[in-house]
Amino acid sequence: MNISPLHTPIAYLKGVGPQRAELLQKELSIYTYADLLNFYPNRYIDKSKYYKINQLQNTNSEVQIIGKIIHIKTVEQKRGKRLVAKFSDETGSIELVWFKGIKWIKESLLLNKAYVVFGKINWFNGSFSMPHPELELLETHKKNIRIAMQPIYPSTEKLSKRGISNKVITQLIQQLLKETHKGITETLPDYFVEELNLIPKNKAVINIHFPQSQEYLAKAQFRLKFEELFYIQLQLLIKNKLRKQKIKGFVFEKVGENFTNFYHNHLPFNLTNAQKRVVKEIRNDVGSGAQMNRLLQGDVGSGKTIVALLVSLLALDNNFQVCLMAPTEILATQHFHGIQEFCQHINVSIALLTGSSKTAERKKIHQQLESGELQLLIGTHAVLEDKVKFKNLGLAIIDEQHRFGVAQRAKLWKKNHIPPHILVMTATPIPRTLAMSLYGDLDISVIDELPPGRKAIQTVHRYDSNRLKVFHFMREEIAKGRQVYIVYPLIEESEALDYKDLMDGYESIAREFPAPKYQISVVHGKMKAADKDFEMNRFAAGETQIMIATTVIEVGVNVPNASVMIIESSERFGLSQLHQLRGRVGRGAEQSYCILMTGQKLSNDSKTRIQTMVETNDGFKIAEVDLKLRGPGNLMGTQQSGVLQLKIADIVKDNLLLAKAREYAKRVLQKDHNLQLSEHQNIAKTYQKLNKNKTLWNFIS
Ligand code: ADP
Ligand code: MG
């Protein structure tokens, strides 16, 4: 028999044809034989085992039992009838129950003949029953070829409507395996297979679809997961290396006037060791001749801004321009003011460009950027517009990465004929496992130390019923000269209601904290930028003591005198958001507090989130819990990542395997960076194929 090559279009498979092919493409992105082969079941029905009735457990699972029907009766009930058959083996009996097709089934059932029944077991009124079981005479059952573990494939509504049932998919894959299994070649080196005790590739593929047993299924899964993770890691590592080789970067060789002067004469504080280390790491990068692509992780308040500024000064010293992009207008504005203040004694030209910059101002900025007169541009998405052209952009800094998509990074990348160095800063710590997969092509720096003198924020959980005590506490803090944030959730789906909550909240606070003694600011997304700024500035200047806001203040805002963060309906926030919000306080020398308000009833997940917040201030720990609760697909900013659309591995559950895969990938490249050794032939071939198919999402270019 001829072996069909795996890149054969799926339409050619017996049983498919053009119409089904189109459907498979549209619904499941299956274009070729290989795609179908790699379309794995998401669960299996275990028919490898026969249960005795006294072994049944109340687990709601599907089981297979051999026994006899010893009695049949029809029971009248409120609506219609049900058919009940008493089914027994030598250990006990259960009831088989039908609500539909009663007449026909009753006629076809044979008493005292051995049957195999299969179905879901229910526990009800002290006995087990099985509604609408599959039934087969034991005699027939023995004659038929059976699949021990039946694969269940993911499906879509459209597919089932158009007759592509699980059975059809199963048949197609059987057909496919018949035609191709001899063509499924090994993709990993022999020594991997040996060291890791892997089953061969073709055996793994057959067993992932039609497992011989639970044991073989486990082996197939292990092998395919490892392979998947290994090739992702290999591609990321190679890509990173190629980028460093190929993409020439500007060399910031000089440490000049701006940097030196600022560093020695105008730094308002001593850098933490972590900050110093990170500055050094970045300086190495920008001096290496390769283009920098670095992720700077640092918890809220760890002092990323000063690092960004120091690197910017280095760029300016080498006659390059710098662009710093922030996700919100408030944050961009705050960076602008903060950096202007840092730079008041050195001679640097800085401008702010946002959606609300006036036309004249914009024009001026555009011109000065092109002439090179303007050195440091700070802004929002507005800086990405095509009209914004630089004379010589050498460094692009993106703050709070998770708010930006990959596309934006790409746009910055293209703002110069040679791509600028890119520094991405994020305050949402990304668990190592995720960082490895998601940002495996970036280098990572971590600021893992807070500036000295910070007191750990105290976090408590309070029920709404305790609100009066919370008000009392607020009064005490305000009397000490502190300021208070009160944050309300704002979720798109319930926007109108959420605004109402915010306004109701404002009214009750205004009653409790009356003017003129107390002044209150309100900031929310529906306000004009100018009004927001006005209110933010009043709060920042200490003219108002209470700031009522939606999550617009989540990111970056810095008012050191604010020491109390109250989060309303905190059960509705995600963990990373709660952590971000909490990071708005604890920025000054005073003891700060975070109060998580909730209703009385909490889901288990909400309880875990709130408990985690109360227990720890460590952003990395919080990120790990978040990842476990939500899964990688839902973490901020990861949705667009193709890397996370793994076929079989799960980067949370399989994180140990991921680390192992990365270790192997590193080892291979260290030993054989061009994949030329004969023992790595399989890898070289597979890598080439993957690359041709562009399996790995291109992060940047
Ligand atoms: P984030 O990492 O959250 O962006 P910022 O850069 O806004 O943090 O820094 C938070 C606050 O800490 C700012 O007021 C900043 O000036 C201050 N800060 C940063 N580094 C230090 C340091 N080494 N010593 C003292 N204060 C610092
Ligand atoms: Mg910041």
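## What counts as near

A residue is near a molecule if one of its heavy atoms lies within 4 Å of it.

## The shell around ligand 1

There are 16 residues around ligand 1. Which of them come nearest? They are Q275, G301, K304, T305 and R454.

What is the make-up of this shell? Eight of its residues are polar. Four are nonpolar, and four are charged.

Start with G301. One of its backbone N or O atoms lies 2.6 Å from an oxygen atom of ligand 1. R454 uses its side chain instead: an N or O atom there is 2.7 Å from a ligand oxygen. The side chain of R587 also takes part, with an N or O atom 3.3 Å from an oxygen atom of ligand 1.

How much of ligand 1 does the protein bury? Taken alone, the ligand exposes 570 Å², and the protein buries 83% of that. The space that ligand 1 takes up is the second largest pocket.

## Confidence in the model

The chain has a mean pLDDT of 87. A pLDDT of 70 or more is reached by 91% of its residues.

Over residues 635–643 the pLDDT is below 50. That stretch has 28 contacts in the model beyond near neighbours in sequence. Residues 695–701 also have a pLDDT below 50. Here the model shows 24 contacts beyond near neighbours in sequence. Where pLDDT is low, predicted coordinates should not be read in detail.

Definitions and conventions: Residues are numbered from 1 along each chain as its sequence is written. Chains are lettered from A and ligands numbered from 1 in the order in which they are written. This is a predicted model: local features need pLDDT of at least 70, side-chain atom pairs count only at pLDDT 80 or more; totals for chains, interfaces and linings use all residues. Side-chain values use heavy atoms; hydrogens and water are left out. A polar contact is a pair of N or O atoms within 3.5 Å; within protein, one must be able to donate a hydrogen and the other to accept it, and residues adjacent in sequence count only if both atoms are side-chain atoms. Accessible areas come from the Shrake-Rupley method with a 1.4 Å probe; for residues, only the protein chains shown count as cover. On a 1 Å grid over the protein atoms alone, a cavity is a set of points where a 1.4 Å probe fits but cannot get out, and a pocket is an open set with protein on both sides within 12 Å along at least five of seven lines; lining residues have an atom within 4 Å of a point. A molecule sits in a cavity or pocket if more than half of its atoms lie within 2 Å of its grid points. Ala, Val, Leu, Ile, Met, Phe, Trp, Tyr, Cys and Pro count as nonpolar, Asp, Glu, Lys and Arg as charged, and the others, Gly among them, as polar. pLDDT is the predictor's confidence in each residue, from 0 to 100. Contact means heavy atoms within 4.5 Å.
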